[in-house]
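This report looks at side-chain contacts and helix packing in one structural model. Please view the sequence and structure shown here before reading on.

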Amino acid sequence: MHSILTGAPLRRSAVSLALGCIVSAGAFAAAPGNTPQALAQVRDTALQSDWAYARLADMTDLIGPRLSGSAGAAAVQQVADTMRQLGAKVTLQPVKVPHWVRGVETAEIVDYAGRPQGVSQRVVLTALGGSGATAAAGLTAPVIIVKSLEELKARAAEVKGAIVLIDTPFDQEMAERGLAGVTYGQGSRSRFLGPKAAADLGAAAALVRSVGGADFRIPHAGATGLDDNKRIPAAAVTVEDALLIGRLAARGPMKMHLTLTPQNLPEADSYNVIADWPGTDKADEVVVVSGHLDSWDLATGAHDDGAGVVAAMGVVETLKKLDYRPRRTIRVIAWMNEENGGRGGQAYFEAHKQALGKQYAAIEMDSGAGRPFGIKASVGPKAEKLFTPLLAALQPMGAHAFTRRDALGTGDLHRLETGGVPSFEPLVDSHSYFHYHHTPADTLDKVDPNNLKRNVALMSSLAWFLANIDGEIGRAPEQGE
């Protein structure tokens, strides 16, 4: 066997990998390594455990929403205490986070062609993260509708002083066919970049069509890229209200009265929770397994991303039950501030950027707790064959698909990935994920306990495999290709 990058012989033979590593005196007994039996034990132990679902209930029912800077950050201590009870070595990494709070958020269409005397049309919306505020009495302005950022720029002359609705549809048919991330990317681009573009053109306020596939008149929150010096009011309207505005616009000009009173407060102190399950002979090398602890404030963030955090925690719970110690350290991270700033991922990268070679691999689960069908990985093409034993172990639970990409761009991991750390995430069924994503409906009852078990099994098997594999798995794209 040869190194993926250099062609040099690996440091350990295939025979030694099959038999497991020999640990130093005083450590646990010889680890079983990546034998088929050990991988099956990890998989089956996770599949038989309700522990992660119980921890998700603790997080969502006892704490609830967990927006950065809010009281919901009490989840930091909850996760830290739980991991200490498992025997992990816990560190709280300080992170300065934005502190944004929503206030009053109302809107109504007060003038439109054919409006009966005294009638107005209520619009259901929610302020977007980082939104500026109207005056307490609100503002009234004409509404213009654009379908894309490109159209917004093309109609720059009409924007000044107007309320702009950026009406980018979410294609649920794409989501039903396994392309939810693609259509979400289109909508989230409009949501993040649109308000700033509208502000630069002098708009009075910016609205976006909610990015999601369930049309139940529920608004979907999300972050914006607004600058501090141009924080115009910005909100997401429900799909139904975006369609209503479009129909009324077809009849003639209209005006909206909008009241948004969020506040951008001074930055707050918070933490990443880092919990290490120490390795044996390669303890200085780290396999990160993670989810993000913060959620939007509209609901309890069960899918996004409480499920990812408890699945990562479940890796250590699984290995503790088996009394398994990996060769490399498995590091559980509950990231803070993925939703509206990415400060947790940035803080970790800054702390480790001088020694990224010791970050052997990184996993994040942040696409909901749908049924997992396999793994997505940013490794070089030649590395795929190394995962054959792992995929064989995942085949009995139907999670043996392997999708390789040069980059995944996963929220908290993208800096590590750009720095060369191979990154991984579960390949999950997300056809209904964006029904609940960033909405008041993202609650515990939406998470299937059996699918959560499958995700814990996949995360545990993947983390164990990466922590014990011999040699290097390579960086993506591979050097020299």
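Predicted model: local features only at pLDDT ≥ 70, side-chain atom pairs only at ≥ 80, totals over all residues.

Because Arg-189 lies in helix 8 (residues 180-200) and Glu-150 in helix 5 (residues 149-154), the pair ties together parts of the chain that are 39 residues apart in sequence.

## Other charged pairs

Side chains of opposite charge can pair when their charged atoms come close. The structure holds 30 salt bridges, including one between Arg-43 and Asp-44, whose closest N and O atoms are 2.8 Å apart. Arg-43 has a relative accessible area of 11% and is therefore buried, the limit being under 20%, whereas Asp-44, with a relative accessible area of 28%, is partly exposed.

## Aromatic pairs and a cluster

A pair of aromatic rings is described by the distance of the centres and the angle of the planes. The structure holds nine aromatic pairs, one of which, formed by Trp-335 and Tyr-348, is edge-to-face, with 5.5 Å from centre to centre and 90 degrees between the planes. Since Trp-335 belongs to strand 12 (residues 328-335) and Tyr-348 to helix 11 (residues 343-352), this contact ties together parts that are 13 residues apart in sequence. Trp-335 is buried, with a relative accessible area of 0%, and Tyr-348, at 0% relative accessibility, counts as buried too.

Phe-387 and Phe-465 form another aromatic pair, which is tilted, with the centres 5.7 Å apart and 40 degrees between the planes. Phe-387 lies in the loop between strand 14 (372-377) and helix 12 (388-394), while Phe-465 lies in helix 15 (residues 449-468), so the pair ties together parts that are 78 residues apart in sequence. Both Phe-387 and Phe-465 are buried. Elsewhere, Phe-170, Tyr-184, Tyr-433 and Phe-434 form one aromatic cluster.

## Arginines over aromatic rings

Arg-55 lies over the face of Trp-51, at 5.3 Å from the ring centre, and Arg-328 lies over the face of Tyr-360, at 3.7 Å from the ring centre.

## Packing of helix 10 and helix 15

Two packed helices are described by the angle between their axes and the distance between the axes. Helix 10 (residues 302-322) packs with helix 15 at an angle of about 60 degrees, and their axes are 8 Å apart. Helix 10 and helix 15 are therefore oblique to each other, and their crossing is right-handed.

Methods:
Residues numbered from 1 in each chain as written. Heavy atoms only, no water. Phe/Tyr/Trp six-rings, centres within 6.5 Å; stacked < 30°, edge-to-face > 60°. Helix = DSSP H or I, 4+ residues; strand = E, 2+ residues; numbered from the N terminus. Buried < 20%, exposed > 50% of the residue type's maximum accessible area, 1.4 Å probe, protein only. Lys NZ or Arg CZ within 6 Å of the ring centre and 35° of its normal. Salt bridge = Lys/Arg side-chain N within 4 Å of Asp/Glu carboxyl O. Axes fitted to C-alpha atoms, helices over the stretch in contact; angles between N-to-C directions. Parallel < 35°, antiparallel > 145°, perpendicular 65-115°, else oblique. Left-handed = near helix turned anticlockwise from the far one by under 90°.
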